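Colleague: Please put the model on the screen. I will then ask about it one point at a time.

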Amino acid sequence: MADVLGKLKGAILEFDEDAALEAAKEAVAEGVDPVKAIGALAEGLNELGEAFEKMEVFLPEIMLASDAFKAALEILEPELKKTHKEGEKAIPVVIGTIQGDVHQVGKDMVATFLTTAGFDVHDLGVDVAPSRFLEEAKKIDAKIIAVAALMSTTRPVQKDLIDFLEAKGVRDNYIVLVGGGVVTQEWADEIKADGYGQDAIATVEIAKKLLHVA
Ligand code: B12
């Protein structure tokens, strides 16, 4: 198993979509835990992020690696969903990456894990305006609004969303969860978010805890 996990991570580090697809198929064939397999992909992308910071790799390579990640995730998702328990009432969640920010991969991972855990996830994609979050939340009668921000320039827009909900008099109708690379528990506390998810698994746990369904 360690070998397949290494291949998944390696494929991302080499921004090789074909290799990522092969490794994902191998992981499925070998019955590797999909959570571990997706974790290996994420580890690769985060390591590449560190290399990007040191200017050892550049944006085009990061884009290729993200595409490889998404392609492999598609293969692994059905395996993850097999662990989903039927019969639970699906709690509606709206998720998206905040306005000005096009980072998608981590938010997609969170959406996948929440879906697998039995939530009814409505993914608004990336670059989502605060008003759009509220519009969708009202439409589907969401219990949770989950908002990603990956950059220090877009993190403040998470606060704008909370302020917007407050101004509209609907703040208490929703559990607001924040996450993404630049987000911390301190930031979540500062902007009075209801919860912070450090990663996809932690987000599922905090969502269930706040809904008292854990
Ligand atoms: C991949 C990537 C890109 C890809 C995104 C492709 C895509 N479709 O997603 C591309 C190449 C497009 C890109 C573009 C840019 N990027 Co970029 N990118 C990254 C990189 C390398 C990895 C992010 C990633 O996917 N990580 C893997 C996932 C699995 O991890 P994650 O996102 O953190 O998600 C986990 C948790 O955070 C959490 N989580 C995530 N979302 C949510 C949501 C909720 C609700 C919750 C509870 C939890 C949660 O769970 C996830 C799973 O465990 C990061 C480096 C880094 N260290 O983050 C830079 C990084 C985020 N990018 C950065 C920058 C600056 C940019 C650009 C401005 C670059 C440029 N000069 O053009 C543009 C931004 C354009 C824009 N307007 O948004 C900076 C931000 C710096 C800062 N602090 O502000 C970073 C940190 C790199 C750096 N050190 O300089 N980028």
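Colleague: Between which two elements does His-103 lie?
Modeller: This is a predicted model, in which local features need pLDDT of at least 70 and side-chain atom pairs count only at pLDDT 80 or more, while totals for chains, interfaces and linings use all residues. Residues are numbered from 1 along each chain as its sequence is written, and side-chain values use heavy atoms, with hydrogens and water left out. Helices (H or I, at least four residues) and strands (E, at least two) are DSSP runs, numbered from the N terminus. His-103 is in the loop between strand S1 (92-97) and helix H5 (105-116).

Colleague: How many residues surround the ligand?
Modeller: A residue is near a molecule if one of its heavy atoms lies within 4 Å of it. The closest to the ligand are Glu-53, Val-102, His-103, Gln-104 and Ser-152. The whole set that surrounds the ligand numbers 38 residues.

Colleague: At what distance does a backbone N or O atom of Gln-104 lie from an oxygen atom of the ligand?
Modeller: A polar contact is a pair of N or O atoms within 3.5 Å; within protein, one must be able to donate a hydrogen and the other to accept it, and residues adjacent in sequence count only if both atoms are side-chain atoms. The ligand has nitrogen atoms in such pairs: one is 3.4 Å from an N or O atom in the side chain of Asn-46, and a polar side-chain atom of Glu-53 is 3.2 Å from a nitrogen atom of the ligand. For the backbone atom of Gln-104 and the ligand oxygen, the distance is 2.7 Å.

Colleague: Which element gives the largest share of the shell around the ligand?
Modeller: Elements that give two or more residues to this shell include helix H4 (59-81), strand S3 (144-148), strand S4 (175-179) and helix H9 (200-210). The largest share is 6 residues, and it comes from H3.

Colleague: What span does helix H3 reach from its first C-alpha to its last?
Modeller: H3 covers residues 34-53, which makes 20 residues.

Colleague: Is Ser-66 buried or exposed?
Modeller: Ser-66 lies in helix H4, and a polar atom of its side chain is 2.8 Å from the backbone oxygen of Ile-62. Buried means under 20% relative accessible area, exposed over 50%, and partly exposed in between (1.4 Å probe, protein chains only). Because its relative accessibility is 15%, Ser-66 counts as buried.

Colleague: With which residue does the side chain of Lys-107 make a polar contact?
Modeller: Lys-107 is in helix H5. Its relative accessibility is 5%, so Lys-107 counts as buried. The contact runs from side chain to side chain at 2.7 Å, and the partner is Asp-108.

Colleague: What is the phi of Phe-15?
Modeller: Phe-15 is placed in the loop between helix H1 (2-13) and helix H2 (17-29). With a relative accessible area of 26%, Phe-15 is partly exposed. Its phi is positive in a residue other than glycine, near 45 degrees.

Colleague: What is the phi of Lys-192?
Modeller: Lys-192 sits in the loop between helix H8 (185-190) and strand S5 (195-197). Its relative accessibility is 63%, so Lys-192 counts as exposed. Although Lys-192 is not a glycine, its phi is positive, about 60 degrees.

Colleague: How many Å apart in space are Ala-142 and Asp-33?
Modeller: Ala-142 is in the loop between helix H6 (130-140) and S3, and it is buried because its relative accessible area is 2%. The two residues are 109 residues apart in sequence. In space, C-alpha to C-alpha, they are apart by 30 Å.

How values were computed
The expected span of a helix is 1.5 Å times one less than its number of residues.
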